[in-house]
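This report walks through one structure for a reader who has not seen it before. Please keep the sequence and the 3D view at hand while reading.

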Amino acid sequence: MKDLRHDNLNPFTGACVDPPNICIVTEYCAKGSLKDVLENEDVKLDNMFNASIIGDIVRGMTYLHDSQLRSHGNLKSTNCLVDSRWVVKIADFGLHELKFGADSGDDDSTDFEKQCAKLLWRAPELLRDPNARPSGTQKGDVYSFGIILYEIMARSGPFGQTDKTPSEIIKCVMRRDRNPPFRPRISKLEDSFDCVIDCMQECWAEDPEDRPDFKTIRTKLRPMRKGMKNNIFDNMLAMMEKYANNLEALVDERTDQLIEEKKKTDALLYEMLPKQGDYRKGSTYFGFIFANNPEECCLYSLACNEIRSNAEDFRKPGPTRLVIKNCVNNGEVMLYLKTESILRVRL
Ligand SMILES: Nc1ncnc2c1ncn2[C@@H]1O[C@H](COP(=O)(O)OP(=O)(O)OP(=O)(O)O)[C@@H](O)[C@H]1O
Ligand SMILES: [Mg+2]
């Protein structure tokens, strides 16, 4: 168990086997289980997220099936954990003997429907077999994966919205005389990729021999991942990079537009303002300047210095009495600042 190491497996650290506190120590996954994520309406899962989640599960399961463990036996959305980087890690593999009977002393989990709810991912042939090994089979894992695929695409539980209780669903799945066999309703998945719908149906085929293995599943789902990187984080980075580049281009375009507009304003102001020589030198004009923050006041004072005004009071915010020595006619005068502002002075 300790030697099983893969990006998409939740690593086993160790176990405490001293009664009464028997426990398994594994790596913590900050976002909880895939079930938690799918049930959280605040998490919007677009195609990129779905493809990444599915790709992670397929990679983890391929590794597990190739390992000495051979199969998981309890693959379901609560055993697919999601870490802080949105990488899915398969958990609770192996250790079936250690966990055997762990639920029996717990009042909550002895509840029959709760027990049945935990079996909703189990393949029909394993549900029917009272001697089925807890480690399950590879084909059984593929069936479970088919149900998880449905869960990801429909986001309404392993069998969608249904009036049936978990035990009724299990009974329906176990029946041999149903044709077609009882499965989640795919009519709800119209917007999903065809390859995903086809794949989930193949995975939950009644005859285990008709189910593909995980390597084949990976190939079948390839159209979903077209143009994408391996995990969500890399995809998000790629998206953000693209977005930043677009934004840069947009900023350049807007800056050009701004420069054009400024040129027009400059030209207009140049026509409107009196020429330097038109100021009557030595005359004194009184006016009020309305500046609401010191920064603006500085600009004003700079502008007024340019026309050699008396700008002593200009660094104070609020209306300021102003004496402009070299200015224009009575009435409202516009002083053109070299920065963006136009300063209005009432004389
Ligand atoms: N390593 C972990 N990091 C973060 N959350 C975890 C971790 N392990 C379990 N959890 C949370 O605890 C919940 C219950 O997990 P637990 O394994 O005890 O029960 P289960 O997966 O529902 O059933 P089973 O006992 O069959 O695996 C998960 O759904 C998940 O939300
Ligand atoms: Mg679990």
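This is a predicted model: local features need pLDDT of at least 70, side-chain atom pairs count only at pLDDT 80 or more; totals for chains, interfaces and linings use all residues.

Two of the facing positions can be named. Phe-12 stands opposite Thr-26 in S2, and Cys-16 has Cys-23 in S2 as its bridge partner. Thr-26 is also one of the residues in contact with Ala-91, when the neighbours of Ala-91 within four places in sequence are left aside.

## The chain as a whole

The chain has 347 residues, and buried residues make up 27% of them. Its secondary structure comes to 12 helices and 8 strands.

Contacts between residues at least 6 apart in sequence can be sorted by their separation along the chain. Of these contacts, 65% join residues at least 24 apart.

## The largest nonpolar core

The largest nonpolar core holds 44 residues. Which of these residues touch the most other members? They are Ile-54, Ile-57, Ile-90, Phe-145, Leu-149 and Cys-203. The elements that give two or more residues to this core are helix H1 (34-39), H2, S3, S4, H7, H8, H9 and helix H10 (214-220). The largest share comes from H7, with 9 residues.

Ile-57 shows how such contacts are made. Not counting residues up to four places away in sequence, Ile-57 touches Cys-80, Val-88, Ile-90, Phe-145 and Ile-148.

## Helix H7

Helix H7 covers residues 138-154, which is 17 residues. From its first C-alpha to its last it reaches 25 Å, close to the 24 Å expected at 1.5 Å a residue. Why is H7 described as largely enclosed by the rest of the structure? The reason is that 15 of its 17 residues are buried.

The residue that follows H7 is Arg-155, and its phi is positive, near 50°.

Ala-91 lies in the loop between strand S4 (88-90) and helix H3 (96-99). Is Ala-91 buried or exposed? It counts as buried because it has 22 C-beta neighbours inside 10 Å, where 20 or more are required. Apart from neighbours within four places in sequence, Ala-91 is in contact with Asn-10, Thr-26, Asn-79 and Leu-81. His-72 is 19 residues from Ala-91 in sequence, and their C-alpha atoms are 9.1 Å apart.

Asp-92 is in this loop between S4 and H3 as well. Asp-92 is buried because 20 other C-beta atoms lie within 10 Å. Asn-79 sits elsewhere in the chain, in the loop between H2 and S3, and Asn-79 is likewise buried because 20 other C-beta atoms lie within 10 Å. Asn-79 and Asp-92 are 13 residues apart in sequence, with 6.2 Å between their C-alpha atoms. Leaving aside neighbours within four places in sequence, Asn-79 is in contact with Asn-74, Ile-90, Ala-91 and Asp-92.

## Around ligand 1

How many residues are around ligand 1? There are 15, and those that come nearest are Cys-29, Gly-32, Ser-33, Thr-78 and Asp-92. By type, the shell around ligand 1 divides into 4 nonpolar, 7 polar and 4 charged residues.

Most residues other than glycine have a negative phi, and most peptide bonds are trans. The cases below depart from that pattern.

Asp-92 is not a glycine, yet it has a positive phi of about 60°. Arg-70, also not a glycine, has a positive phi of about 75°. Arg-70 is found in the loop between helix H2 (47-66) and strand S3 (80-82). Arg-70 counts as partly exposed because it has 14 C-beta neighbours inside 10 Å. The peptide bond from Asn-179 to Pro-180 is cis, with omega near 0°. Pro-180 lies in the loop between helix H8 (166-174) and helix H9 (194-203).

Note on methods
Residues are numbered from 1 along each chain as its sequence is written. Chains are lettered from A and ligands numbered from 1 in the order in which they are written. Helices (H or I, at least four residues) and strands (E, at least two) are DSSP runs, numbered from the N terminus. A residue is buried if 20 or more other C-beta atoms lie within 10 Å of its own, exposed if 12 or fewer, and partly exposed in between; C-beta atoms are placed from the backbone. Two residues are in contact if their C-beta atoms, placed from the backbone, lie within 7 Å. The expected span of a helix is 1.5 Å times one less than its number of residues. A residue is near a molecule or strand if its C-beta atom, placed from the backbone, lies within 6 Å of it. Ala, Val, Leu, Ile, Met, Phe, Trp, Tyr, Cys and Pro count as nonpolar, Asp, Glu, Lys and Arg as charged, and the others, Gly among them, as polar. Two strands pair if DSSP finds at least two bridges between them. A nonpolar core is a set of buried Ala, Val, Leu, Ile, Met, Phe, Trp, Tyr and Cys residues joined through C-beta atoms within 7 Å.
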